[in-house]
Amino acid sequence: MPKVSEEYFEAKKLEIIDAAYRVALRKSISSMTLMDVREEAGMARGAIYRYYDSLDEILIALIAKINQDNSYLEDVRKIFDKQTTLAPEKLLKKLCDFLYSFLVSREMDVHTLSLQFDIFCIHEPQRVKDMLAKAEEPNNSFSYLLSNLYEYIRSEIKTGRLHPVMPAKKLIDYFFTIYKGIQFQYTLEEKMGTGSYDAKSAVNAMYKTMLALLGIDIG
């Protein structure tokens, strides 16, 4: 395929993804249809099939683009690269401070679509499983963060610096649940326009809870 034609093809695919992004924000991922995306992109009937075979294929590409555009893999690497020189409580503080910064600095649309996808998973779990099976290795920054934190906790247990009150895997699951709850409440309050949710205090409470569960006493 000539270079110009290939660039045009990729540009059209990106237009479709951007159209899906707008539709998802307006209607939600769960209720959007292929026709919605086609009409949003201003394409003739059937033309969309030149670029994507199905709505699910578009959604896979949309999720991948959101993950890529909002990746913080390098930030997480930098935090854990210093794990040998930082006390556990300081590393966890850096991690929580970063998550708070990410939460309040990203566009609200990103948080909205992230939570929408969670709801989509609840409504259509098998469909989501099939979609993820067809997707490339996900560039999911939060999953990467949790994986690194899990390995860190395990290694620190072996050194005797951490004495958690429960297994590392259960701690990670709990941490995931707390942060998702903070993200949900922050997004809800911002979308409702109340602005009354104190996300910083919530993240700080999460940090102190993690310290307690890991058996860290800082006085």
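Let me begin with Thr112, which lies in helix H6, the helix of residues 108–123. This is a predicted model, and what I say about this residue is computed from that model. Is Thr112 buried or exposed? Thr112 counts as buried, because its relative accessibility is 12% and the cut-off for a buried residue is under 20%. Which residues does Thr112 touch, once its neighbours within four places in sequence are left aside? The contacts are with Leu25, Thr187 and Lys191.

I turn now to the protein as a whole. Its secondary structure comes to 10 helices and 0 strands, and from the N terminus on the elements run α-α-α-α-α-α-α-α-α-α. The C-alpha trace spans about 65 × 45 × 30 Å along its principal axes. Of the 219 residues, 38% are buried. The accessible surface comes to about 12,600 Å², and carbon and sulfur atoms account for 53% of that surface. As for contacts between residues at least 6 apart in sequence, 70% join residues at least 24 apart.

Next, helices H8 and H9. H8 covers residues 141–159, and H9 covers residues 168–192. How do these two helices pack, and at what angle? The angle is about 145 degrees, and the axes are 10 Å apart. The crossing of H8 and H9 is right-handed. On the H8 side, the contact is made by Phe142, Leu145, Leu146, Leu149, Tyr150, Ile153 and Arg154. H9 contributes Ala168, Lys169, Ile172, Phe175, Phe176 and Tyr179. On the spacing of such residues, a general point applies: an α-helix has 3.6 residues a turn, so residues three or four places apart point the same way.

Staying with H9, I come to Met192, which lies in that helix. Met192 is exposed, because its relative accessible area is 61% and the cut-off for exposed is over 50%. Which residues make the nonpolar surface patch that includes Met192? The patch is made by Phe184, Leu188 and Met192, and its area is about 310 Å².

Finally, helix H2, residues 34–41. Which residues of H2 are buried? They are Leu34, Asp36, Val37 and Arg38. After H2 comes Gly42, and the phi of Gly42 is positive, near 70 degrees.

Definitions and conventions
Residues are numbered from 1 along each chain as its sequence is written. This is a predicted model: local features need pLDDT of at least 70, side-chain atom pairs count only at pLDDT 80 or more; totals for chains, interfaces and linings use all residues. Side-chain values use heavy atoms; hydrogens and water are left out. Patches are made of residues with over 30% relative accessible area and no salt bridge: like charges are joined within 9 Å, nonpolar side chains (Val, Leu, Ile, Met, Phe, Trp, Tyr) within 5 Å. Accessible areas come from the Shrake-Rupley method with a 1.4 Å probe; for residues, only the protein chains shown count as cover. A salt bridge is a side-chain nitrogen of Lys or Arg within 4 Å of a carboxyl oxygen of Asp or Glu. Helices (H or I, at least four residues) and strands (E, at least two) are DSSP runs, numbered from the N terminus. Buried means under 20% relative accessible area, exposed over 50%, partly exposed in between (1.4 Å probe, protein chains only). Axes are lines fitted to C-alpha atoms, for helices over the stretch in contact, and angles run from 0 to 180 degrees between N-to-C directions. A crossing is left-handed if the near helix is turned anticlockwise from the far one by less than a right angle, and right-handed if clockwise. Contact means heavy atoms within 4.5 Å.
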